[in-house]
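Let's walk through this one together, from the inside spaces to the packing and then to a few single residues. Have the viewer open as you read.

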Amino acid sequence: MLNRLRQLFGTGGPSVATTLQAKRTQPGGDVSGVVQVVGGSRPVTISKVVLGLSTKVCVDGDDTHFDDVFFARQALTGSFGLAPGEEREFPFEYLVPYEAPLTMIAGQRLSTVELGLRTELEVARAFDGSDLDPIETTPLPAQETVVKALLDLGFRILRSDVEHGTLRGVDQTLPFFQEIEFHPAAKYATMLNQLEVTFVAGPVSTQVILELDRRGGLIPNREVFGRFVVDHSALGDTDWKGTLDDWIMESCRRGGLF
């Protein structure tokens with residue numbers, strides 16, 4: 001259980017506390033709990049309470065500079081008055097977007113990816129403070145299956161970043177995407193510097209974007225992109241290890257890397 005209390009709007013202002021029933025979920029899942037708002041030393045009108053997710057997004061591909069991005073905002077309440085010392089509680093079930101970044105993969109915590117449920121109070125049309133509670137997102141079966149296939153091929157997870165922007169030809173709803181970097185397996189080590197994977201998940205299918213950072217070849221350091229769609233209902237109909245191996249090897253072959 002997470003329960004953090006912060007005083008907002010200066011001395012004597014209202015405070016907010018968010019309690020989560022559980023901090024782990026999946027893309028497309030939900031996070032539930034209770035928001036408690038407590039009046040300060042003077043009456044105030046709360047315009048609304050807003051929930052959303054906050055994550056750190058790389059600025060211009062620089063993994064040392066980040067923006068805090070607040071996204072998928074949902075109003076929990078309308079306007080209400082709050083008397084001095086009055087306590088109000090608002091149960092909630094917050095729906096996590098399918099494209100939310102993953103913070104855990106294959107049981108491994110991605111230390112460079114942060115995600116939190118943020119609670120904001122709006123007073124006089126301005127958000128004057130917030131409370132942030134960390135949450136964890138684990139992969140959907142489709143994401144987990146693709147990652148497992150790569151690990152079975154001998155790839156190793158290096159790190160992950162959330163990047164500003166959109167991917168060409170990919171249907172996105174959020175203005176950023178997550179890249180998961182893999183060190184190449186021994187079989188591909190002479191051909192590849194690294195493999196980057198991006199998942200853009202949805203309720204029916206997940207788009208998978210692969211980027212090969214190639215080593216040497218006709219055009220040094222040229223990147224090769226591949227894209228395919230995983231149908232959630234037909235996940236078990238494909239040999240993903242064999243399919244990914246074939247695609248990577250064919251991409252390297254076309255590039256004249258062996």
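Start with what counts as a hole: on a 1 Å grid over the protein atoms alone, a cavity is a set of points where a 1.4 Å probe fits but cannot get out, while a pocket is an open set with protein on both sides within 12 Å along at least five of seven lines; lining residues have an atom within 4 Å of a point. Grid points are joined across faces, edges and corners, and a volume is the space filled by probe spheres set on the points. What you're looking at is a predicted model, in which local features need pLDDT of at least 70 and side-chain atom pairs count only at pLDDT 80 or more, though totals for chains, interfaces and linings use all residues. Residues are numbered from 1 along each chain as its sequence is written, and side-chain values use heavy atoms, with hydrogens and water left out.

A search of the whole structure turns up 1 cavity of 30 Å³ or more. The largest cavity has a volume of about 120 Å³. Of its 14 lining residues, E99, A100, P101, Q178 and F199 lie nearest the centre. Strand 16 (176-183) and strand 17 (192-201) each supply at least two of the lining residues; strands (E, at least two residues) and helices (H or I, at least four) are DSSP runs, numbered from the N terminus. By class, this lining has 10 nonpolar, 3 polar and 1 charged residues. Here Ala, Val, Leu, Ile, Met, Phe, Trp, Tyr, Cys and Pro count as nonpolar, Asp, Glu, Lys and Arg as charged, and the others, Gly among them, as polar.

Now for the open side. The largest pocket comes to about 220 Å³. It is lined by 14 residues, with S54, E114, L115, G116 and L132 nearest its centre. Its lining divides into 4 nonpolar, 3 polar and 7 charged residues. Strands 6 (48-59), 12 (115-123) and 13 (126-134) each give at least two residues to it.

Step back to the whole chain, which has 2 helices and 19 strands. Of its 258 residues, 50% count as buried, where buried means under 20% relative accessible area, exposed over 50%, and partly exposed in between (1.4 Å probe, protein chains only).

How is the inside packed? In soluble globular proteins, nonpolar side chains tend to be buried together. Beyond its neighbours within four places in sequence, F155 is in contact (heavy atoms within 4.5 Å) with partners including F182, Y188 and L195.

Finally, some single residues. V224 is in strand 19 (residues 223-231) and counts as buried because its relative accessibility is 11%. Most residues other than glycine have a negative phi. A72, in strand 7 (residues 62-75), has a positive phi near 55°. A106 also has a phi near 55°, but its place is the loop between strand 10 (104-105) and strand 11 (108-109). A72 is partly exposed, at 25%, whereas A106 counts as exposed, at 52%.
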